[in-house]
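Subject: Structure for your set

Hello,

Please find the structure below. My notes on helix packing and the sheet follow it.

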Amino acid sequence: MSAVAPSIAPSLSLQYPKWMVLQLNEVCNLRCRMCYEWGDNGAYFEKPTLATLQYDVIERILDAVLPGKPYFEFFGGEPLLYPRIGDAIRKIKAGGSKLEIPTNGTLVAKLAPMLVETKPDRIWISCDGPEEINDAQRGKGVFKRVMKGIDTLYAEREAAGSELPRIGVSYTVTPHNYLHIERFFLESLDLGKLDDVILTYQLFITEESYHQHKRILATQFGVADAPGAHGMVADPADFAGMDFEELCRQLRSVRDACERRGVLFILYPKTIDIDNVRNYFTMNREEMVDRKARCPFPWTYAEVNARGDVTVCHTFYDLTVGNVYEEGILDIWNGERIHAVRDHLRRELFPICDACCRYYYDASKK
């Protein structure tokens with residue numbers, strides 16, 4: 001996920017989306033265990049075919065929204081597998097917008113010259129611990145490929161005398177890797193080659209909250225199924241045995257080390273407190289310090305998935321508000337369907353909203 005984006009207006013939608021995500025493709029070359037797309041319970045295994053967003057459609061979207069200078073992010077699958085990703089980057093940057101790209105890092109070394117030439121504003125490279133821990137979650141040999149990617153991208157950027165792209169590392173905190181955060185960031189990585197660090201807790205919902213959400217989608221929006229949300233289902237018992245005191249200690253240690261070195265440190269949810277962390281992982285989220293009554297994203301944010309469906313949430317694709325193969329993005333942005341979603345969220349959040357990384361977004365981190 002993106003971490004450093006424009007400030008978010010809380011009430012009124014804008015003429016243009018202020019933050020746009022394009023899911024370039026659904027295909028990925030890894031099978032990370034905790035991934036809600038391709039992980040142990042991932043939703044994408046049930047798809048009969050995998051989609052790719054056509055480049056001419058991307059061009060139409062960009063032509064429509066670039067006058068508003070939105071903040072862009074690519075997504076996947078693995079976005080660096082998209083054949084014309086360089087062309088898409090160039091068009092966004094020529095239009096005066098900023099762009100971030102999250103990646104599993106396995107293709108960064110190969111594409112480093114292109115990334116330095118096209119200058120996306122930030123590359124977020126995912127890694128989940130020291131070599132043996134990361135590869136247990138992401139696959140054998142992945143750690144070495146990711147480290148080579150960071151080294152190569154840094155060297156290419158330095159040789160070009162450029163500040164872009166900024167290099168960030170993204171770490172998903174799970175029951176399998178939370179005891180290795182400190183060792184990873186302070187021993188396995190060279191923080192001197194990084195500009196940014198972001199840690200997010202594993203996103204998950206319960207079977208009960210999934211069924212509550214599914215009922216709302218069916219009764220209020222005519223959505224018959226919610227496979228995307230089901231890909232997030234996990235048993236809270238899997239997290240209950242975590243040592244939350246030690247987790248908080250390691251988070252503070254890495255935060256302090258980043259601050260000393262001038263590396264931006266971001267954590268979602270951001271409050272490092274034992275009870276707060278425990279409440280997140282044990283699904284007592286109504287007691288969290290980071291709990292919010294509203295989510296501003298439906299008024300400022302649009303995401304187009306690889307099938308052309310448009311949503312106002314990064315994590316849950318089941319509730320769509322239009323399709324860019326059928327109508328223009330700005331028509332969708334101002335259409336009846338999106339207004340119905342906004343009207344619902346003015347009254348109450350969905351049962352699964354507190355499992356979304358965007359829900360914990362901190363507008364001060366920009």
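Helices α7 and α13 cross in the right-handed sense (the near helix is turned clockwise from the far one by less than a right angle). The model is a predicted one: local features need pLDDT of at least 70 and side-chain atom pairs pLDDT 80 or more, while totals for chains, interfaces and linings use all residues. Residues are numbered from 1 along each chain as its sequence is written, and side-chain values use heavy atoms, without hydrogens and water.

Helix α7 spans residues 207-221 and α13 residues 336-347; they pack at about 125°, with axes 12 Å apart. Axes are fitted to C-alpha atoms, for helices over the stretch in contact, and angles run from 0 to 180 degrees between N-to-C directions. Helices are DSSP runs of H or I, at least four residues, and strands are E runs of at least two, numbered from the N terminus.

From α7, Ile216, Gln220 and Phe221 meet Arg337, Ala340, Val341, His344 and Arg347 of α13 (contact: heavy atoms within 4.5 Å).

The open sheet has ten strands with mixed pairing, in the order β7-β6-β5-β4-β3-β2-β1-β8-β9-β10; strands pair if DSSP finds at least two bridges between them. The edges are β7 (264-268) and β10 (322-323), each with a single partner strand, so one side of each has no neighbour in the sheet.

Strands β5 (166-173) and β6 (196-201) pair in the parallel sense over six bridges. Helix α6 (181-188) packs on the sheet and touches both β5 and β6, its direction making about 160° with that of β5.

Regards
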